[in-house]
Amino acid sequence: MNWLRHFVEAVHQTRAGRISFYVVLACILLAVVGPWIAPYGPFERIYDVDGRLVRLSPPTADHWLGTTLYGRDVFSQMLWGARPALIVGFATAFGVVAIGVNVGLISGFYGGRIDSLMMRITDIFLGLPFLPFIIVMLAITGRSTTTIIIAMTLIMWRSAARVIRAQVLSIKQAPFVAAARTTGGGDFSIIYREIAPNIMPIALVNVAFSLAWAIITEASIGFLGYGDPKATSWGTIIHDAYASQMMYQAPWWVIPPGIAIMILVSAVYFLGRAYEHVVNPRLVGQ
Amino acid sequence: MRQYILRRLIHMVITLFAMMTIMFFMFRLLPGDPTMTMISSAMYPKAQEAMRAQFGLDKPLIEQYLIYLKNYATLNFGYSFHSSRQVSELLSGRIVNTLVLILPSMIVAYGLGALLGALLGWYRGGRFETSIVFVATALQAAPVFWLGMLAILLFSINLGWFPPGHLVTPGMFPDQNLRMYVSADFLHHLALPFLVHTAYQICFPLLLMRSSMLATIGEDFVEFARIKGLRERKILFGHAARNSLLPVATTIPMILSWALAGSVVIETVFSWPGLGKLMIEGVQRSDFPVVQAAFFLIAVLTIIGTFTADLLYGLLDPRIVYD
């Protein structure tokens, strides 16, 4: 957990980093407790005393963010929606970086044929259009949280692999690698004991940026109608509003999920940038 | 240089070929049979078989694969499951619609983004710079389809300045031709998606150019230009900005491919009949020949874009070695 403490200390050095850290922490907390504190269920239809469905009610004391066309409480949906966004986001980000780190390490370390083969494969994946690929995958495999994570990971690892390979290429030249070699270290030990710890900072920066992208992408998938039908996420709230064609009559339905995504993703961006500036001091400025 | 272009061309063909292979096996081998929409299990087994034979699905997979490659190589995309029309017929016009929306907007975003980023980096410090950086990051973090919806809400519904979507007023141009693309009505419809897309895409080059400028300003040659007594504007644009441009330019192919892939969402919000929207409609109707063809064309545009951008570096930075 040493790197985690280092990460927290590093991002605390700037004000933007500090604020973002607590915003992300608050969102994680919301994802954990949201469903418990939500006054209504995500698919619960709300009826008034006369037994009529409470459709498209503007924000009131009972429904802080109003209700949808289907009589659902937007505030409750917002609380439920944090969890899928963060689960998909984190799972994808870690999957992406896990593949990216391994491809980058092996490709960069061995070089030669292995390297050119792996980089050709990476290039092919770079040629695949991002969102269309995910949508086609989901159309074929069916929509669930797991398939969304798999489809996103399959297409997102490509950029992480490139960045990490470049880093491995420069670390490979360091004297301590040669030292490990002379003391009889095998390839495996050199790759994972000597080089890997040194790319951790870059990997962590990549986790942050992948997380930001994954959250936006999860919302886009939800908006296009390919979200997990069993879960309510911020993206699917926007989709419901869009599909009902009532979104422009009911701004309270569309505005909150977008703002939530915007706050969370900007916080993650700022966090990634704050950390990047500590681990890569050549980047001046901020 | 010529050798480099040739090598890149060969790479491009290999990538295209690999992509088509991935696509073929994705549609054929993954769980969930796309032919299910056409051949229902309620049909007589004999009829099912006849149908399979008609589509060539009774042939071995390898043979199907070769036929598929041959068809795509000759731009024969087959027939739509949904409308029984030829897919190539449905595609015509769609490519132009997507490019007309995405390309000008990307050019403006990069041009204006680089200029603004250079100015921000040069006159750094102060509240103005901080707030621009903050706004740009927040905009970049917002889902673009949501920005589109807000823009429609504000500019179309409340203010009534722009139509809320579609290519042209329905019925005005029954046959899409050049006259339509230069008409005032079309430009009026294009304005809002163009503005939203540009506002969203400008953030990345702007922020990158700013950091790149900050790094360049510290370099000796900028100091030297000052000592020589060059005018401020000359140092800014002729020396500092020019040298900061390269890291920004290298991101063009990546961002362009993101934008083309992202056409799926922006076209959906604005009911813009481009490739992305066609693909989404195809997926919704399980019209797999259409999905496959649209996906293929988006990928081809991406690959061509990357290739062109790679060649452009050479013009921008003479230091690049074509190994």
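**Exercise 1. Contacts along chain B**

Task: In this predicted model, find what share of the contacts in chain B with a separation of 6 or more comes from residues 24 or more positions apart.

Solution: Start with the contacts in chain B that have a separation of 6 or more, then pick out those between residues 24 or more positions apart; these account for 73%. Next, look at what the chain is built from: its secondary structure comes to 15 helices and zero strands. Taken along the principal axes, the C-alpha atoms of chain B fill a box of roughly 90 × 55 × 35 Å. Finally, of the 323 residues of chain B, 34% count as buried.

**Exercise 2. Confidence in the model**

Task: Work out which element of chain B has the lowest mean pLDDT and which has the highest.

Solution: Begin with the chain as a whole. Chain B has a mean pLDDT of 82, and 91% of its residues reach 70 or more. Then go through the elements: helix H2 (residues 45-54) of chain B has the lowest mean, 74, while helix H5 (residues 94-122) of chain B has the highest, 91. For the model as a whole, the scores are ipTM 0.87 and pTM 0.87.

**Exercise 3. Where the two chains touch**

Task: Say how many residues each chain brings to the contact, and which helix gives the most on the side of chain B.

Solution: Count each side first: chain B brings 40 residues and chain A brings 36. Next, sort the side of chain B by helix. H1 (2-29), H6 (127-141), H7 (144-158), H10 (203-217), H13 (252-269), H14 (275-284) and H15 (288-316) of chain B each supply at least two residues. H13(B) gives the most, with eight residues. Last, sort the side of chain B that touches chain A by class: 31 nonpolar, nine polar and no charged residues.

**Exercise 4. Two helices side by side in chain A**

Task: Describe how helix H8 (residues 187-223) of chain A packs with helix H10 (residues 251-279) of chain A.

Solution: Two packed helices are described by the angle between their axes and the distance between the axes. Here the angle is about 165° and the axes are 9 Å apart. Because angles over 145 degrees count as roughly antiparallel, H8(A) is roughly antiparallel to H10(A). The crossing is left-handed. Now find the residues that meet: they include A:Leu204, A:Ala208 and A:Ile215 in H8(A), and A:Leu264, A:Val268 and A:Tyr275 in H10(A). By class, the contact of H8(A) with H10(A) has 18 nonpolar residues, one polar and one charged.

**Exercise 5. Buried or exposed?**

Task: Decide whether A:Trp80 is buried or exposed, then explain why helix H9 (residues 234-244) of chain A is largely enclosed.

Solution: A:Trp80 is found in helix H3 (residues 74-110) of chain A. A:Trp80 has 23 other C-beta atoms within 10 Å, and 20 or more make a residue buried, so A:Trp80 is buried. Leaving out residues up to four places away in sequence, A:Trp80 touches A:Gly34, A:Pro35, A:Ala38, A:Pro42 and A:Thr232. A:Ala38 is 42 residues away along the chain, yet the two C-alpha atoms are separated by 7.2 Å.

Now turn to H9(A). Nine of its eleven residues are buried, so H9(A) is largely enclosed by the rest of the structure. Among the buried residues are A:Trp234, A:His239 and A:Asp240. Their cover includes H3, H8 and H10 of chain A together with H7 of chain B. Just after H9(A), A:Gln245 takes a positive phi of about 60°.

Methods. Residues numbered from 1 in each chain as written. Chains lettered and ligands numbered in written order. Predicted model: local features only at pLDDT ≥ 70, side-chain atom pairs only at ≥ 80, totals over all residues. Axes fitted to C-alpha atoms, helices over the stretch in contact; angles between N-to-C directions. Helix = DSSP H or I, 4+ residues; strand = E, 2+ residues; numbered from the N terminus. Parallel < 35°, antiparallel > 145°, perpendicular 65-115°, else oblique. Left-handed = near helix turned anticlockwise from the far one by under 90°. Contact = placed C-beta atoms within 7 Å. Nonpolar A, V, L, I, M, F, W, Y, C, P; charged D, E, K, R; others polar. Buried ≥ 20, exposed ≤ 12 C-beta atoms within 10 Å, placed from the backbone. pLDDT = per-residue confidence, 0-100.
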